[in-house]
Amino acid sequence: MKWLTGMELISSMLLHFFGNPIFPVHGSLIVFPNQNIQPQNTQKQVTQNPSTNQSSDASLPADTPKTNPIPQDAIRSYDQWIMTNSVSNIRTEPSLTAPILLQVPAQSWFPVLGHEGQWDQIRLGNEQTGWIADWIVQKQKNPQQLQLVDVKWNTPKYAGPDLSFSSTGTANPTFTYLPREVCGDWVHLLTVDTGSSVWVPAQSVVWGYGTVSIPTIQASSISDPPLQTERPLQGKTIVLDPGHGGADTGAIGTVLPVYERDINLAVARVLASKLEAAGAHVILTRTTNDQFVSLADRVKISNDNHADVFISIHQNMYPEDRSVTGTITYYYDEASSKALAKDIEEQALASLQSRASKEQMNQEELYVLHHNQQPSILIEGCFLSNPDEVENSILPAYQEKLASGIYHGVLKYFGDRQHSTM
Ligand SMILES: [Zn+2]
């Protein structure tokens, strides 16, 4: 775990200093040549196009997915912007110890929604906000601009935010993209030119602004069939329970005052986006860090919604011995929940390249498991008392790995059950 944390830091430092995204795609490395990274292109200017729909359609490749209408609420313009001066972290809360949603290079542009102390609240796509320290940015007036992004050359695009979703080719860098949200290592985009929804690796996105011709978008029509996306969790109801919340911060990190409640919610959000992309109906027991929900209410949400699975997300603490690290998965009822715990534990350990902290799959009488009538588990992702794990816990890479591990465990659990009932 120590070694891995070091590697995380080194790879993120490389990204910072060279701005040269290197990320694994199905086990191979794609390295973008430097000449394709053109910060001046962040100021994308897609001006009003008076030409007919015909000419705009004619320029699109034949295999372009079906055009969908752009949702009206996805098209909002902003006047106040910030531009990053250097590599910057965007966080879930206005605090230096809050989980990081995204690390962006210099000259990234974001619309400003508000301020709190020395922090600016910014948009990270139409469906998400984040916080950035105002001493590392330049304020800009930039009237009536939409938040748009460029996607770098040869970027693979996926049907969902996980490498296990099928790749739908490479993103067309001449297209214009509206960002929707950032989830772990992924950004969800809406292709302005076709209205299609795609996921791309977060490092491939250049955050900028511009204007687009909305009437042209809405009038264009392409008759290709809609994108086929696999939905292995269609019809499943999954309750995600980010542990703690409000005044109940959960564990507080020892060398960094990280709140467990904040990490739990950040991971739950990334996991929710994967599950939803796979067709599941996802219910979160809480959606903000200042929200307090009783243990009884969490269980009630699971039971009342007849959850197919209930997953409680926590981080651990053992201040008596700061060297203790690793991941633990708990279940209570063997008949309903042991298989789920086993699948999630196996996949989470593999994804985090972590080890089980204690004997695997403890049967502890944890309230949210004991009183749950649904298949239910509680996972402790890492130890906030361990100096390496607490530093790692606020990085998007950790949120991504833990969420991806749990997601693959859920896929395996339902996959196995489907086979056994046939
Ligand atoms: Zn906890």
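This report describes the fold of one protein chain, from its totals down to single residues.

**Basis**

The model is predicted: local features need pLDDT of at least 70, side-chain atom pairs count only at pLDDT 80 or more, and totals for chains, interfaces and linings use all residues. Residues are numbered from 1 along each chain as its sequence is written.

**Overall make-up**

The protein chain has nine helices and 20 strands. Helices (H or I, at least four residues) and strands (E, at least two) are DSSP runs, numbered from the N terminus. Of the 422 residues, 45% count as buried. A residue is buried if 20 or more other C-beta atoms lie within 10 Å of its own, exposed if 12 or fewer, and partly exposed in between, with C-beta atoms placed from the backbone. Two residues are in contact if those C-beta atoms, placed from the backbone, lie within 7 Å. Among contacts between residues at least 6 apart in sequence, 74% join residues at least 24 apart.

Five strands form an open sheet with mixed pairing, in the order 17-16-18-20-19. Strands 17 and 19 stand at the edges, each with a single partner strand, so one side of each is left without a neighbour in the sheet. Neighbouring strands of this sheet are turned by 20° against each other on average, direction ignored. Axes are lines fitted to C-alpha atoms, for helices over the stretch in contact, and angles run from 0 to 180 degrees between N-to-C directions.

Strand pairing requires that DSSP finds at least two bridges between the two strands.

| Strand pair | Sense | Bridges |
|---|---|---|
| Strand 18 (residues 309-316) and strand 20 (residues 376-383) | parallel | six bridges |
| Strand 3 (residues 77-84) and strand 9 (residues 137-151) | antiparallel | seven bridges |
| Strand 3 (residues 77-84) and strand 6 (residues 109-116) | antiparallel | three bridges |

Individual bridges can be named. His 314 has Glu 380 in strand 20 as its bridge partner. Ile 82 stands opposite Lys 139 in strand 9. Trp 81 stands opposite Pro 111 in strand 6.

**Helices on the sheet**

Helix 4 lies across strands 16, 17, 18 and 20, running at about 145° to strand 18. Helix 5 (residues 295-304) packs on the sheet and touches strand 16, strand 17, strand 18 and strand 20. Its direction makes about 170° with that of strand 16.

The expected span of a helix is 1.5 Å times one less than its number of residues. For helix 4 (residues 260-277) that gives 26 Å, and its end C-alpha atoms are 26 Å apart, which agrees. Helix 6 (residues 334-352) has 19 residues and should span 27 Å; its ends are 25 Å apart, which agrees. Buried residues of helix 6 include Leu 340, Ile 344 and Leu 352. Gln 353 follows helix 6 with a positive phi, near 50°.

**Two buried loop alanines**

Ala 278 lies in the loop between helix 4 and strand 17. It is buried, with 26 other C-beta atoms within 10 Å. Beyond its neighbours within four places in sequence, Ala 278 is in contact with Gly 160, Arg 231, Pro 232 and Leu 233. Gly 279 follows helix 4, and its phi is positive, near 100°.

Ala 98 lies in the loop between strand 4 and strand 5. It is buried, with 22 other C-beta atoms within 10 Å. Its contacts, not counting residues up to four places away in sequence, are Arg 91, Thr 92, Glu 93 and Asp 262.
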